Amino acid sequence: METASRHNRSARIVGTIALTLALTGSCRSSAQNDPAPVTPPANVSKVSDPANPNSTAADIFDGWLAYEPEATRALPRARKFFVDAVLGHQVFRIPPRGVPSYIARALLLDDDELLFPSGKRLWNRELKHQAGLAGKFCFIHSTYCLERLFDVSFSIDGSPKVIYANQYSIKRFPSHTTFSYQLGGVLIDEHKFITYDDRAALTYEARSNDKKEHLLRIEAIVPYPWLPGGGAPPKYPVLGQTTYQGNPLSVILEAPNFARTPGDVIHLVQEITLPADGSIASANMAMRFTVGDDTAVKEEPPNLITHANEYNQWFVDNIPYFDSSDTAFKKMWYYRWWIVRFHLVDLRDAATPDLSEYAFYEGKMGFDNPIVFAIPAQIKELTYMRDPAFALSQLRNMYANTHENGAAVDPPGSPYWGETYSHWTVQAAAEFHRIHPIPLDDLGKLLPKMAADIRAWMSDYDTDRDGLPERARPRVTGYDLDILSWWHWAGNKLDQRVAPPAMERVDFASFVYANAIGLVELADAAGDSTLATEFREVASKIRTAAVAKLWDDESQFFYPQRASDDDRAPVRELHGLFAFTTLLAPNEPRFAQSLRYLVDPTEFWSRFPPVITSQKHYRDWNWQMDGLTRNIAPHPISMGGRTLIQAIRQYEQDSVRPEHVMALLKRYNDLVYPGVHPNDPTWRPNAHEYYSQWEPYAREPRPKPSDIWHDFHSMWISLVIEGPIGLVPRADGILEVDPMATDWSYFLVDRLRFRGHDLTIAWDRPGDGPPRYDGFPEGLSIRVDGQQVAHRPDMGKLEVDVK
């Protein structure tokens, strides 16, 4: 009876769509894979719904499916909408029935009200759960957002319909969200999406569900939008025109087959006869945000199938395919690439005063700007996009915005920032150059600005000229109140009335050192020996000063110090290990001993490692720290992952092993997966800005996430490629692969770009069953442009000269 009871509960709670489970290799029962919906109705199957296998969309994923099991290849949806299928899920409007209340409440997540697709410049920050499009729709920046685009209501056979919470369900995909309404004998699917050409669109598809003919009346109230600045009076269907961020902006209504009723208010009506045989009738409307002089109404209304196909095509064109025996990694791969897509802003035809071409925001949910702090991590992720133009554009945008002293500063287009954060962007750019050689013209333009930024940190931010940059602003680290050492001289108490002292920190020294050695590599590539010599000397000066002043031989750790008197703060913090992340620390035994702290469970190796401040200090002092926080976050976790990889690749030491890399990434996954669905541990990943209440004594089993979600300020993709998969970016251009995924029985990455070539790296553990990948021998294989160039029967290092 107990087993039957669990089965019945599972059958009443909607998990991820069945295709997701098939793609990730799950083997749950069919009742768990595709249970009945919690609230009626189920999604109506129809030809124009991307979830329908009879959809007329193109089979764009055949290349990816070549590496999938036969069962997945046979699924039409996988061929057409692979990414939608992997990441699609139900959104719960109210707690579902038939499960314990604590589970039901946990299934209501903080990003429930969010539309995932975004256009070149138009994106959604909030989607209200009501008919129409309402919430928060933003254009370029959150300084211009509209709350109501369409207020929609339905009447059936002359009777207005009120929509109750138990009359609709919501399914969300990367390309669109579908609201399915059951209103008497009529089923209505409302598809909501944003097209790449910046149209906020609604597509309605309705049918009779009781074998009777019905008259459906769709009504929409369309408010005239507010516009920043002045402009010409509206001239329907042009709802408004103005200039925003240096570009002419027009907002245009597109509602074919809708009639406008007389009056000043825009009131649209369309009546549709729904035949008794259940055939589909449709309606469409959109609001287009366009720059330039094109104010003509589009002849073709937005089409869901075309849009969903084009949306999924972006992933085919721009990212490598990935497969793994660890299904949590496989799903996370596509989620992290969705994060990249979501935060993309395409300004190629509408440059703003501070941004151009492609730009990537740190977080459209809270930091809608390319923030300097996050850009190094973003460049590392963008390195593994197939087209190098994305990363190069982000680099150009960063160095197009500088402080008067030459330091890189946040672009001023979004009014909230304007900070000169510490960063290691040039080192990230140098590693990008190893994968995608930067054209000489671009290097010639970037190098002077990169040099000016480093010089600013070594002059304005190093007032005593000792080679150790100093700042008195905790915020410029990106970790703000998570830094205990800044308040060491105040008795470890946060006092907002007292200005924090200027500190010479390890992260400042490490990042400027990283930028200096990165600049040397790029200057050498550009043939600029003068610049290379200058910054080779800068790097040497920083390393000498850091070893002399910040290193403690007794405890074998790098510590920060107060700039005014070189008084050291005896607080072990994660930035003390950034000397290894950036290779500032010499490869000598006495320094390498410091790496043991990173993997010590009493120090930085916590439940979700690493923590920003050693757990030793949390135990020695009061947990409350008088207002200081103890957050964990994807950014420091990803920096810890990079540090582990650097330690293994670059240092002679025995503290850090590949198992630590794999363990960190698994715990990183566990943090990003909410872990609230009883049938699917990988349901609805969400990378928040940070998390709190993670400590062992915390009341809840899951850390408490921040209110900024799906953030793009950390690494994951690059860690997987350079760690488990084992690609080693080398300055000499040699292709080196040395995987760390010793516990994976198989993995494959395909169409990974490397110096103008397509790579396929495959691992299939010998002797554990039939070959996983057709045409690949068991063991570790490398193909370049489809041709096998290296193989070994076990997991280990392979090197290939592909020049």
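This is a predicted model: local features need pLDDT of at least 70, side-chain atom pairs count only at pLDDT 80 or more; totals for chains, interfaces and linings use all residues.
Visitor: Why is helix H11 called mostly covered?
Guide: Buried means under 20% relative accessible area (exposed is over 50%, partly exposed in between; 1.4 Å probe, protein chains only). In H11, residues 375-382, eight of eight residues are buried. Lys 380 and Glu 381 are among them.

Visitor: What makes up the cover over H11's buried residues?
Guide: It includes helices H10 (327-342), H12 (389-399), H13 (425-435), H20 (634-650) and H22 (717-722), plus strand E18 (357-360). Helices (H or I, at least four residues) and strands (E, at least two) are DSSP runs, numbered from the N terminus. The protein chain has 22 helices and 32 strands.

Visitor: How do you know that the radius of gyration agrees with a compact globule?
Guide: The radius is taken over C-alpha atoms, and the globule rule is 2.2 Å times the number of residues to the power 0.38. For 803 residues that rule gives a value near 28 Å, and the protein chain has 28 Å, so the two agree. Its C-alpha trace spans about 85 × 70 × 55 Å along the principal axes.

Visitor: How much of the protein chain counts as buried?
Guide: By that under-20% cut-off, 62% of the 803 residues.

Notes
Residues are numbered from 1 along each chain as its sequence is written. Side-chain values use heavy atoms; hydrogens and water are left out. Contact means heavy atoms within 4.5 Å.
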